[in-house]
Amino acid sequence: MGLGVVNKKQPTTPVSKFQTMFGVDKRALAAFRVCIGLIGIYDIIERWPDIKAHYSDEGILPRSTVSEVFWNKSWFSFHMMIGSVEGIQVLFLINLLVCFFLTIGYRSRLNMFLHYLFVISLQARNNVVGHGGDVYLRVISFFGIFLPLGSVFSIDSAFKRPVLRLEKKKFVLTNFVTFSIICQVIFLYVFSYVHKTGDEWRVDYTASYYALQLDYFRTFLVDYIIEFPNVLKLMTVLVLYYEGFGAVLFFSPIFTAPIRTLGAFGFTMLHIGFGAFMRLGIFSPTCATGTLVIYPTWFWDKLFNYLRTRERTDFKIYYNGRHGYNITALVSTFLLLPDVEISPTPIFSDEECCFIQTNNGLHNIFSPSGLVGNNNNHHHSNNSNSDGANLNHDSDHINEKLNNWIITRDIKGNQHTGYKAMVSICKASPILWPLVSILELPVVTLYGKKVLKIMERIIVFISDDILVLKPKSLTEEQQRQIQQIQNQKQQQLLQKRKEFLNGSLDSNEDNNNNNNSNNNINNSINNSINNNSNNNNNLLLHGIDDDDTISNCSSNGFINNNEYTLLKSEEQKEIDCSYQRKVVRNKRVKRMFKGLLFNVCAIMGIVFALGWNCNNVNCGIPMTLPQSMNWLVFMTRMDQMWSMFSPRPPAQHWWYTFEGELDDGTLVELWNNQGLFTWIPNVEPYTRDKPNPYPECIGNHRWFKVYENLNSGGSFETIRMGLGKWICREYNTRHIEHERLHRFNIVFRNEQQHLNNTRSPLPDQILWQHICYNKPQN
């Protein structure tokens with residue numbers, strides 16, 4: 001494709017109705033991957049302050065308690081292997097690194113698998129603090145393992161090929177894995193609808209009113225709509241029936257793609273609305289992430305067509321050497337549109353563009369300011385690096401060379417290097433274009449060039465002076481012998497071409513003799529030279545596609561007119577072609593087996609999900625899992641139940657008072673004013689009324705689940721005991737002598753919500769009485 005103008009609008013990708021209904025777009029998978037990684041990072045950061053309280057042996061639930069009361073023998077957990085705070089912190093740091101790699105798409109499938117392992121491991125360590133968002137995160141992460149999350153917009157796709165070029169990709173993917181993850185998304189809504197059986201949902205439609213009245217969940221936006229009961233009833237109807245039947249829009253026989261997009265957008269907005277009006281932890285962003293896989297190829301084509309402009313598409317990047325390759329791969333993958341042309345520096349001389357390159361490497365470049373990096377006078381340079389670019393480490397010239405790792409050409413035909421190339425990339429980027437006005441300021445330009453030069457020096461120092469083993473210098477005799485070998489190979493190639501064109505290409509026995517003599521010469525200098533050509537050959541061989549390999553290996557052994565041909569005999573080339581065919585066959589067999597395995601695992605997962613949901617609620621179909629398969633469900637953690645605010649939202653509001661006595665007899669209260677986080681007691685007289693603000697006394701959503709399970713969860717006595725020991729330990733390590741906490745009571749207080757926006761108090765309950773230590777008898 002030339003440097004001419006690229007049309008702003010591109011035709012949409014041809015996709016069948018079947019693919020639209022049951023397929024997933026690879027760009028949707030990239031967005032899905034990024035969101036999963038970011039949610040994982042946020043989740044770990046949110047949990048970090050509570051490592052000691054929730055995940056260590058010094059916390060509320062030590063490992064011994066978990067293994068006795070809250071453990072399933074089919075579960076797996078790294079975090080159960082370590083009980084110290086420091087050890088859990090190390091695991092959290094590794095988890096953060098895995099989520100970061102997943103976000104940028106580095107070894108995407110491996111890191112998705114590791115992310116899934118960390119998710120189920122952390123949830124198994126303390127299942128008491130889990131909620132619906134955690135369940136949904138682990139089940140969609142399970143299916144994500146079997147999807148090509150790194151196909152586009154990832155490190156994996158950026159460095160997939162040794163030579164960067166503009167590619168036409170097929171974005172739609174259709175198999176049993178895509179079908180399974182679409183079913184899992186649908187299960188969330190359909191079974192949530194089935195669980196909502198209360199009159200508040202089905203008869204008087206007051207469920208939204210009660211849900212938005214909950215003190216911990218409600219946000220400030222609730223104050224603007226709570227006085228409009230008809231609006232709240234309409235919201236209840238829309239939520240209920242869209243959850244139950246909105247998925248029908250995914251499979252419309254007419255206008256399939258637009259209607260499917262509308263259906264996916266409705267579910268996305270549903271979770272945005274949930275997150276705007278209620279504090280739900282990671283539930284809302286995780287569920288919104290799940291809806292991304294529903295958006296069809298039609299939607300992504302429309303989105304990218306909207307982003308296309310002439311300035312963003314009529315843009316080209318030439319790269320030079322290893323550093324230019326790396327920079328261009330990252331920039332073109334993450335910052336530019338796929339329409340941008342990228343290529344190595346041209347192999348021709350162009351007076352208008354001022355580019356030139358030799359066949360031995362991508363390093364001889366003319367720029368408009370003059371000759372840069374020309375190595376014609378250094379043909380036998382002693383400092384040739386591994387990518388074929390001869391770097392002169394003289395301090396007076398290094399910066400000028402480094403500025404030409406990449407050369408950009410904009411819509412006006414202007415070429416840019418160095419800092420100006422970076423600015424031109426920002427202009428062509430649909431992400432970074434707002435920064436252009438700042439980057440073009442004189443002060444920013446001045447210091448930006450200095451920073452860029454420093455970064456260039458650091459990159460060269462790290463890659464060339466640290467990571468690259470410097471070759472030994474060659475003697476003049478060795479250089480002369482190498483040049484003689486190259487000249488002989490070139491003459492042999494010309495002779496073979498001539499014979500081939502005349503139709504009389506015969507095997508030449510002299511080649512073997514010449515090769516034997518040349519091998520003797522090569523062996524004498526093998527330990528002294530840096531065999532760049534071998535590196536380039538390996539790069540070419542490993543970068544060729546399966547189809548390219550087969551088509552290039554013809555019956556007479558020719559591959560392509562490149563340096564590889566100059567260094568191989570006809571017999572060796574035929575062996576290489578046979579080897580490549582074998583490699584291609586092996587790759588295809590492995591790919592087929594891997595695809596079969598992934599599809600089987602995905603089908604198994606969705607069968608587990610359907611059966612488990614039907615075990616927990618009457619789903620209307622005769623589908624249940626036998627008890628003998630429960631261990632598989634628990635091992636894969638596909639157990640799930642979507643019963644939030646079901647069968648009806650709670651109509652009671654609760655809070656606690658932790659009323660205690662210090663060693664000197666002083667009466668205190670610990671829950672109000674964030675007392676269990678600051679460990680500063682509220683001394684009598686203290687209030688027993690509901691705290692204001694209320695959410696700050698509870699903390700994050702993990703602590704909310706702890707307090708919720710104190711009075712309504714399973715094994716609540718174990719949780720009360722663990723919390724009591726935790727409070728005594730943490731308080732008394734911060735207070736000494738007569739200020740120590742001797743005993744306290746956990747008092748549960750609640751009130752009833754009424755439809756007229758009033759509340760009435762309910763009887764208080766003393767849930768737990770705890771003695772921290774026994775006082776000596778006087």
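## Exercises: charges on a predicted model

A positive surface patch brings together Lys420, Lys449, Lys450, Lys453 and Arg457. Keep in mind that this is a predicted model.

**Exercise 1.** Find out which helix gives the most to the positive patch, then work out how Arg457 is classed by accessibility.

*Solution.* 
- Start with the helix: helix 21, residues 442–466, gives the most, with 4 residues.
- Now the class: buried means under 20% relative accessible area and exposed means over 50%. Arg457 has 38% relative accessibility, so this residue counts as partly exposed.

**Exercise 2.** Arg759 forms a salt bridge with Asp215. Work out which parts of the chain this pair ties together.

*Solution.* 
- Check the distance: the closest N and O atoms of Arg759 and Asp215 are 3.0 Å apart.
- Locate both ends: Arg759 lies in strand 13 (residues 759–761), while Asp215 sits in the loop between helix 11 (207–213) and helix 12 (229–245), so the pair ties together parts that are 544 residues apart in sequence.
- Look at the accessibility: Arg759 is partly exposed at 28%, and Asp215 is buried at 17%.
- Look for another partner: the side chain of Arg759 also meets that of Glu751 in a salt bridge, 3.0 Å from N to O. Glu751 is buried, at 14% relative accessible area.

**Exercise 3.** Glu659 and Arg688 form a salt bridge. Decide whether each one is buried or partly exposed.

*Solution.* 
- The closest N and O atoms are 3.1 Å apart.
- Glu659 has 17% relative accessibility, so Glu659 counts as buried.
- Arg688 comes in at 37%, so Arg688 counts as partly exposed.

Definitions and conventions:
Residues numbered from 1 in each chain as written. Predicted model: local features only at pLDDT ≥ 70, side-chain atom pairs only at ≥ 80, totals over all residues. Heavy atoms only, no water. Patch = residues over 30% accessible without salt bridge, like charges linked within 9 Å, V, L, I, M, F, W, Y side chains within 5 Å. Areas by Shrake-Rupley, 256 points an atom, 1.4 Å probe, with all protein chains shown as cover. Salt bridge = Lys/Arg side-chain N within 4 Å of Asp/Glu carboxyl O. Lys, Arg positive; Asp, Glu negative; His and termini not counted. Charge placed at Lys NZ, Arg CZ, Asp CG, Glu CD. Helix = DSSP H or I, 4+ residues; strand = E, 2+ residues; numbered from the N terminus. Buried < 20%, exposed > 50% of the residue type's maximum accessible area, 1.4 Å probe, protein only.
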